[in-house]
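Here are my notes on this model, point by point. Please keep the structure open while you read.

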Amino acid sequence: MTSAAHILAVWLTPVLWLSMPSLILERGPDGLWTGLALVLVPLIALAAGAPEPAAGAREPAFPVVILLLTVGVLFWANMILAGDVAAWLGAPRWHGIAITAASGCLLTTWRGAWRIIPALLLAAVLAVNAPLPEVARVAGVGPLGAWARVATLAAFHFPSTSSWVTAGRDLRIIHGGGPIVFDEEHRITAPAGGRLFARTPDGGRARDLEWTLTPGQSVTFRAGDRLQSNSAPRLRFESDKRVPGSPPSGVAWAMGRPPDWPRHAGLLVTVLFGALALCRAGAPVRPSRSTVALVAGGGLVAFLWAQGWAVYSLLASPDLFLGGITPERLLALPALGDGHPARPTLQALLLAGGLAGFLASSIALRERLVALDRTGGGEIGRDVSLWTSVFAIAGLASLWHLDCWSLALLALGTAGSSVGATALGSAAAPPGVATFAGLVGLAVFVALAVACQVRGGAEGLLGAVQAYPALAAVPAAAVVLRISRWAVS
Amino acid sequence: MRTVTNRGMAVLLLLLVLVVFPVIAALPNQVATIRLAGLSVLWWYGGVIAPVLAWLIAVAWLPDPPPPRRPE
């Protein structure tokens with residue numbers, strides 16, 4: 001039980017499991033497949049088993065350094081999410097970041113913190129699942145019926161009860177990065193006035209427009225016009241109009257796009273080798289059947305929750321598509337209206353569940369480093385000054401807003417390319433060989449990640465390698481490992 | 001030897017469970033969109049059948065580790 005809880009806490013860090021419903025909403029079947037991959041890869045990592053370390057072999061520092069880096073970036077991604085949740089609920093971002101960082105940091109001082117991982121995980125599961133029955137009751141339909149309703153919608157319209165329609169909201173809190181391009185004529189009102197920026201197609205060129213509105217004044221946008229996110233502080237949209245950026249219909253959402261095989265492969269390699277690096281670091285060579293059954297069961301619960309949460313949220317709140325879907329918008333309990341009496345309680349439960357998940361994950365990730373650091377007696381996991389620095393740096397970095405899902409993939413890709421790729425096979429490679437191959441994998445990964453930032457936007461296999469550099473870095477590390485093994489034998 | 005075979009088989013089957021999803025999505029004549037009891041074939045597979053299959057594979061194909069050897 002404890003072992004399974006540790007593996008689940010290591011892998012299903014909140015930024016990964018809370019991204020599942022938002023990916024399902026945003027990408028339809030593609031997101032569903034991503035969620036499925038996230039649930040299955042730890043099982044594949046456990047099934048693959050860990051290589052037996054060579055007797056008397058010196059323990060390399062490389063995996064410890066990489067894992068420390070990975071854990072730091074995962075903390076960073078989680079704190080970005082905590083900041084986004086705080087901002088969406090109307091509080092300053094730093095409140096969410098500070099609470100998360102301080103509570104995580106506090107637990108590093110307690111040496112026996114690993115004992116509470118199962119309890120924290122159970123609390124997280126119960127807390128985030130608690131609102132689902134109420135959400136289903138309010139919707140008046142079961143999960144299958146809710147999916148069928150969403151999948152038959154003619155279009156995604158702003159409901160009249162949406163806060164974007166009633167009081168209006170600030171566009172700047174949307175971090176999805178999706179363009180707000182109108183599909184039909186749409187009147188936008190600035191209840192408090194302010195400046196409005198837009199880009200409109202004018203023949204073959206785009207023309208920038210700007211208005212200064214008095215309180216309550218409106219502007220009508222035409223199909224193809226694009227509203228800039230740095231516009232007026234608060235904007236109101238029209239009820240029953242199509243949500244800009246939403247799929248054409250429920251049928252189109254449920255059907256998705258034709259599979260992009262290279263990108264599927266890129267995502268799979270990234271998460272699979274990331275799981276090999278994270279789930280097997282310092283873990284028993286072969287877990288027991290009951291451990292695997294519990295890990296699989298935990299993943300199944302998380303995946304079913306993500307689907308139910310996604311579908312009910314979309315059914316009640318199609319305006320989630322406005323500006324791109326991000327996890328914090330789903331944590332704000334969009335499936336229940338603003339006036340629902342149980343909403344504050346259930347929202348608090350969700351937040352508590354997310355925090356409990358993060359605490360369980362932070363302890364479990366630290367324990368992985370403890371198990372890996374055999375030479376140092378695991379002191380790296382209990383070094384209060386080190387972990388205070390990690391939490392402080394991650395907390396400060398998360399004030400700078402980034403996409404938490406991309407950051408989590410970056411962490412997994414780094415770990416997978418350098419440690420995961422060299423951990424295949426029944427016997428561990430000699431430490432020097434594994435480190436050399438890992439360094440090559442890391443170098444390829446970093447080079448491709450930088451190249452993607454400089455020159456992105458390619459299609460096909462090249463686009464997949466740019467989006468998921470582990471797709472090239474993992475084979476590179478594996479080939480170098482094989483050649484080096486052959487050379488030293 | 002048997003353990004290695006079982007583990008290898010489990011890895012292959014779990015990967016197969018993942019790969020079948022885009023294969024269904026790519027089937028001609030929009031087979032993936034056929035509705036069964038309200039849900040499309042693709043969502044039935046990806047959302048319900050595949051994770052349950054994965055659980056069964058993990059439990060059925062992964063044997064317990066051998067007991068630790070006693071010092072002689």
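**Notes on chains A and B**

1. Start with contacts in chain B. Among its contacts with a separation of 6 or more, 56% link residues 24 or more positions apart. Remember that this is a predicted model.

2. Next, the elements of chain B. The chain holds 2 helices and 2 strands. Read from the N terminus, their order is α-β-β-α.

3. How much of chain B is buried? Of its 72 residues, 36% count as buried. The accessible surface of chain B is about 4400 Å². Carbon and sulfur atoms account for 71% of that surface.

4. Val31(B) sits in the loop between α1 (2-25) and β1 (35-36) of chain B. Is Val31(B) buried, partly exposed or exposed? Its relative accessibility is 30%, so Val31(B) counts as partly exposed. The range for that class lies between under 20% for buried and over 50% for exposed.

5. Turn to chain A. Here 4 strands make an open sheet, in the order β1-β6-β3-β4, with antiparallel pairing. Its edge strands are β1 (180-181) and β4 (205-213), and each pairs on one side only.

6. In chain A, β1 and β6 (residues 226-227) run antiparallel and are joined by 2 bridges. Val181(A) has Arg226(A), in β6(A), as its bridge partner.

Technical notes. Residues numbered from 1 in each chain as written. Chains lettered and ligands numbered in written order. Predicted model: local features only at pLDDT ≥ 70, side-chain atom pairs only at ≥ 80, totals over all residues. Heavy atoms only, no water. Pairing = 2+ DSSP bridges. Buried < 20%, exposed > 50% of the residue type's maximum accessible area, 1.4 Å probe, protein only. Contact = heavy atoms within 4.5 Å. Areas by Shrake-Rupley, 256 points an atom, 1.4 Å probe, with all protein chains shown as cover.
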